[in-house]
Amino acid sequence: MVAANRTIAVVSPDSAPIKRLIREAEDKGLLVNATYGRKTRSVVVTDSKHVILSAIVPEKLALRLDGDYETGDDDEE
């Protein structure tokens, strides 16, 4: 679980700056991998500088953080 009020950004993991952010967070011990072995589809950045990897697409994750809990399979895009 992630506290919605502590979330700064939900982004796609594909760009070079985000990949660098992930690497730096891992080096500092601030990376949380919540993908359960699946492909990383979104990256959540918190105000505590923690970086959380998720297998849920950014659009669905942003809806959930706003409180809209739609049902369905998380692997759908």
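Student: Which strand does leucine 31 lie in?
Tutor: Leucine 31 belongs to strand 2, residues 31-34. Helices (H or I, at least four residues) and strands (E, at least two) are DSSP runs, numbered from the N terminus. The model is predicted: local features need pLDDT of at least 70, side-chain atom pairs count only at pLDDT 80 or more, and totals for chains, interfaces and linings use all residues. Residues are numbered from 1 along each chain as its sequence is written, and side-chain values use heavy atoms, with hydrogens and water left out.

Student: What is the relative accessible area of leucine 31?
Tutor: The value is 25%, so leucine 31 is partly exposed. Buried means under 20% relative accessible area, exposed over 50%, and partly exposed in between (1.4 Å probe, protein chains only).

Student: And which residues does leucine 31 touch?
Tutor: Leaving aside residues up to four places away in sequence, leucine 31 touches Ile22, Ala25, Glu26, Val51 and Leu53. Contact means heavy atoms within 4.5 Å.

Student: How far apart are leucine 31 and valine 45 in space?
Tutor: They are 9.7 Å apart, C-alpha to C-alpha, and 14 residues apart in sequence.

Student: Changing topic, in what order do the elements of the chain run?
Tutor: From the N terminus on, the order is β-α-β-β-β-α. That comes to two helices and four strands.

Student: Which residues are buried in helix 2?
Tutor: In helix 2, residues 58-65, the residues Pro58, Lys60 and Leu61 are buried. Seen down the axis of helix 2, its buried residues fall within an arc of 160 degrees, so they line one face of the helix. The arc is that of the directions from the helix axis to the C-beta atoms.

Student: What covers the buried residues of helix 2?
Tutor: The cover includes strand 1 (7-11), strand 3 (42-46) and strand 4 (51-54).

Student: What about pockets: which element gives the largest share of the lining of the second largest pocket?
Tutor: Helix 1 does, with four residues. A pocket is an open set of points on a 1 Å grid over the protein atoms alone, where a 1.4 Å probe fits, with protein on both sides within 12 Å along at least five of seven lines; lining residues have an atom within 4 Å of a point.

Student: Which residues line the second largest pocket?
Tutor: Among them are Ile8, Leu21, Ala25, Val45 and Val51.
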